[in-house]
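Thanks for asking me to look this one over. Here are my notes, point by point, to read alongside the model.

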Amino acid sequence: MGTDIRRSALTGIWRQLPFFLWLIALWMLLWGQFTVLAFLTGVVVAVFVTSVFRLPPVELSGRLNPWWLLVFLLQFLGAVVKGSLVVAWQVVSPRSQPGVSVVAVPLVTDDDLIMAHVGVTASLIPGSLVLETDRDRRILYLHVLGASTDAEVEAQRRLVQRWEARLVRAVGSRAQLGAIRASQADVRTSGKGERS
């Protein structure tokens, strides 16, 4: 009996470890410091948050693809730099009046964690911000700078859907990966049908 309790406790800790590490990283990003002191205070805050605010355990897919995770991180950093430059140019350019739109982005996967990661990713890239999430219908609503025409709105929608696909390739389950692949095949098929 004692080993079963110990084993289930270790399993619970192992399942919560990514969330715990994410809280520490978030704390360090919040303060903009990557020091030992910031790490230690992040540990204290993470322990406090996870012990006082008991959340249901996060069910992870159990799948991690390091290559696609690296690709995601590099593309994300590039998008942040590009977004910063574009927004800066829109601010200082006297002729530029960037259009704004609220864009509804339907997601393929039905997973709260992937939806949250896609929303955070889209919000961290300058020029877009998540206004609302419709969890039941799996739709993110974003406020987007520089999207005033139908083509620009559709390009922004596809961009966010590509972020979802990248995240699923990096950390999604095999079922989610299959759904993403099927969705991309449908888009390619419908695109060919429209051109013919």
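1. Burial and surface. Of the 196 residues in the protein chain, 28% count as buried. Please keep in mind throughout that this is a predicted model. The protein chain exposes about 13200 Å², and 66% of that area is supplied by carbon and sulfur atoms.

2. Overall layout. The protein chain holds six helices and three strands. Reading from the N terminus, the order of elements is α-α-α-β-α-β-β-α-α. If we take the contacts between residues at least 6 apart in sequence, 67% of them join residues at least 24 apart.

3. Helix α3 against helix α5. Helix α3 (residues 66-92) packs with α5 at an angle of about 150 degrees, and their axes are 8 Å apart. Angles over 145 degrees count as roughly antiparallel, so α3 and α5 are roughly antiparallel to each other. The crossing of α3 past α5 is left-handed. On the α3 side the contact is made by W68, L69, F72, Q75, F76 and A79, while α5 contributes W163, R166, L167, R169 and A170. By class, the residues in this contact of α3 with α5 are eight nonpolar, one polar and two charged.

4. Helix α4 against helix α5. Helix α4 (residues 112-124) also packs with helix α5 (residues 150-171), here at an angle of about 130 degrees with the axes 10 Å apart. That angle makes α4 oblique to α5. The crossing of α4 past α5 is right-handed. From α4, the residues making the contact are I114, H117, V118, T121 and A122; from α5, they are V160, W163, E164, L167, V168 and V171. Eight nonpolar, two polar and one charged residues make up this contact of α4 with α5.

5. A165 in helix α5. Is A165 buried or exposed? A165 sits in helix α5, and its relative accessibility is 3%, so A165 counts as buried. Leaving out residues up to four places away in sequence, A165 touches I180 and Q184. A165 and L107 are 58 residues apart in sequence, and their C-alpha atoms are 9.5 Å apart in space.

6. H143 in strand β3. Strand β3 (residues 139-145) includes H143. With 30% relative accessibility, H143 counts as partly exposed. Which residues does H143 contact, leaving aside its neighbours within four places in sequence? They are V100, S101, G127, S128, L129 and L131. For one of these, L129, the C-alpha to C-alpha distance to H143 is 5.2 Å, across 14 residues of sequence.

7. A backbone point at R138. Most residues other than glycine have a negative phi. R138 is not a glycine, yet its phi is positive, at about 60 degrees. Where is R138 found? R138 lies in the loop between β2 (128-134) and β3. Its relative accessible area is 28%, so R138 is partly exposed.

How values were computed. Residues are numbered from 1 along each chain as its sequence is written. This is a predicted model: local features need pLDDT of at least 70, side-chain atom pairs count only at pLDDT 80 or more; totals for chains, interfaces and linings use all residues. Side-chain values use heavy atoms; hydrogens and water are left out. Helices (H or I, at least four residues) and strands (E, at least two) are DSSP runs, numbered from the N terminus. Buried means under 20% relative accessible area, exposed over 50%, partly exposed in between (1.4 Å probe, protein chains only). Contact means heavy atoms within 4.5 Å. Accessible areas come from the Shrake-Rupley method with a 1.4 Å probe; for residues, only the protein chains shown count as cover. Axes are lines fitted to C-alpha atoms, for helices over the stretch in contact, and angles run from 0 to 180 degrees between N-to-C directions. Angles under 35 degrees count as roughly parallel, over 145 as roughly antiparallel, 65 to 115 as roughly perpendicular and the rest as oblique. A crossing is left-handed if the near helix is turned anticlockwise from the far one by less than a right angle, and right-handed if clockwise. Ala, Val, Leu, Ile, Met, Phe, Trp, Tyr, Cys and Pro count as nonpolar, Asp, Glu, Lys and Arg as charged, and the others, Gly among them, as polar.
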